[in-house]
Amino acid sequence: MTKIYFIVNPISGKGKHNITLDYIKPFFDESQYDIHVSFSTYKKHAIELTQQAIAAQADIIVACGGDGTIHEVATELVGTNIAFGVVPVGSGNGLASNLSIPKDIEQAIKRVRDGKIFSMDVGSVNGEYFFSNMGFGIDATIIDKYEKSGKRKLGAYINAALNSAQEYVAKKMLVTYNGKTKEVNPLLLFISNSNEMGYNMSLTPKASLTDGKLDYLMVPRIGLLKQLTFGLYVLLKKTEKFRKTDYVQTDVIQVEIVDQQKNGLQMDGEYYEYDTNKFEIKVSQGALKVLC
């Protein structure tokens with residue numbers, strides 16, 4: 001019998017989804033599946049619930065929520081033989097979209113039941129996992145402002161982006177990849193494992209979850225007009241063709257932020273602060289088994 005644990009964030013998607021045990025069970029034959037549902041009620045609670053499901057010898061663990069819930073559950077499953085499923089009910093849903101997982105809840109649950117398992121790459125920053133992308137530049141500032149707004153809507157994200165464009169101060173960084181070190185002052189320093197960052201937007205459309213590479217995109221500090229031009233390239237999904245872009249696919253990147261001992265970054269759409277200025281970003285090929 002296949003044991004499946006669904007870990008549900010009840011407030012994702014404004015709490016309108018009504019994903020409960022009674023809702024899920026009719027999708028599964030009781031003679032073949034043992035279904036369990038747990039609800040996360042605070043930040044990082046999904047990590048604890050995932051650990052409990054692992055201890056209970058789950059075969060499949062499903063994150064039902066947004067990017068934060070997906071990140072917390074998936075982090076605990078890296079390097080295990082437990083399959084990871086996703087029912088996306090958040091706002092951005094970048095990883096789920098890249099995995100071609102339907103936004104429709106019923107169809108996503110059926111994908112858990114009927115989908116096939118494949119192994120996807122996982123990125124890490126100083127040993128902490130990310131699955132979609134991370135960044136040190138204006139994207140981190142945008143996420144910080146977006147979180148502080150308390151609103152999980154595309155409009156709030158756009159407003160945070162416009163405010164960040166006016167206020168952002170570039171930091172001097174030393175970036176090393178493929179044996180070369182460069183000094184940069186980035187508007188954007190974005191490192192991606194997947195080809196979508198949510199809301200159907202992409203900074204790295206050539207990125208793949210299975211190529212054993214991370215996609216590094218650096219745009220230096222530029223004026224507002226050129227920022228708008230770059231925005232057009234983003235909409236066209238041709239960011240690597242923007243003349244000032246430094247773009248490469250590689251497996252390890254070192255970043256040192258000069259003269260800054262405390263630094264913020266975004267990872268899978270969440271903002272984090274670190275008491276260090278040195279970061280190693282690398283990829284672990286095929287480290288997460290995913291149902292899709």
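**Pocket, strands and salt bridges: reasons behind the terms**

Student: How much space lies in the second largest pocket?

Tutor: In this predicted model, the second largest pocket holds about 780 Å³ of space. It is lined by 23 residues, and I142, A161, Q227, G231 and V234 are the closest to its centre. Two or more lining residues come from each of α6 (138-149), α7 (154-167), β10 (186-192) and α8.

Student: Which element gives the most to the lining of the second largest pocket?

Tutor: That element is α8, with eight residues.

Student: Helix α8 (residues 224-235) also holds L224. Why is L224 counted as exposed?

Tutor: The relative accessibility of L224 is 56%. Exposed means over 50%, so L224 is placed in that class.

Student: What makes the nonpolar surface patch to which L224 belongs?

Tutor: The patch is made by L224, L225 and L228, and its area is about 360 Å². A patch residue needs over 30% relative accessible area; L224, at 56%, therefore passes that limit.

Student: Why is M173 called buried?

Tutor: M173, found in strand β8 (residues 173-177), has a relative accessible area of 0%. Buried means under 20%, so the term applies to M173. The C-alpha atom of M173 is separated by 9.7 Å from that of F136, which is 37 residues apart from M173 along the chain.

Student: How do you know that strand β5 pairs with strand β16?

Tutor: Pairing requires at least two bridges. Eight bridges join β5 (residues 117-125) to β16 (residues 278-291), so the two strands pair, and they run antiparallel. One of the bridges has I117 and L291 as partners.

Student: What makes β13 a partner of β16?

Tutor: Strand β13 (residues 252-257) is joined to β16 by five bridges, and the two run antiparallel.

Student: How many salt bridges does the structure hold?

Tutor: The structure holds four salt bridges. One of them joins D114 to R113, with the closest N and O atoms 2.9 Å apart. Another joins D246 to K182, with a separation of 3.3 Å between the closest N and O atoms.

Student: What makes the pair of D246 and K182 a link between distant parts of the chain?

Tutor: D246 is in strand β12 (residues 246-250), whereas K182 is in strand β9 (residues 180-184), and the two residues are 64 residues apart.

Student: Why is D246 called buried, and why is K182 called partly exposed?

Tutor: D246 has a relative accessible area of 15%, which is under 20%, so D246 is buried. K182, at 33%, lies between the limits of 20% and 50% and is therefore partly exposed. By that reasoning R113, at 28%, is also partly exposed.

Definitions and conventions: Residues are numbered from 1 along each chain as its sequence is written. This is a predicted model: local features need pLDDT of at least 70, side-chain atom pairs count only at pLDDT 80 or more; totals for chains, interfaces and linings use all residues. Side-chain values use heavy atoms; hydrogens and water are left out. Helices (H or I, at least four residues) and strands (E, at least two) are DSSP runs, numbered from the N terminus. Patches are made of residues with over 30% relative accessible area and no salt bridge: like charges are joined within 9 Å, nonpolar side chains (Val, Leu, Ile, Met, Phe, Trp, Tyr) within 5 Å. Accessible areas come from the Shrake-Rupley method with a 1.4 Å probe; for residues, only the protein chains shown count as cover. A salt bridge is a side-chain nitrogen of Lys or Arg within 4 Å of a carboxyl oxygen of Asp or Glu. Buried means under 20% relative accessible area, exposed over 50%, partly exposed in between (1.4 Å probe, protein chains only). On a 1 Å grid over the protein atoms alone, a cavity is a set of points where a 1.4 Å probe fits but cannot get out, and a pocket is an open set with protein on both sides within 12 Å along at least five of seven lines; lining residues have an atom within 4 Å of a point. Grid points are joined across faces, edges and corners, and a volume is the space filled by probe spheres set on the points.
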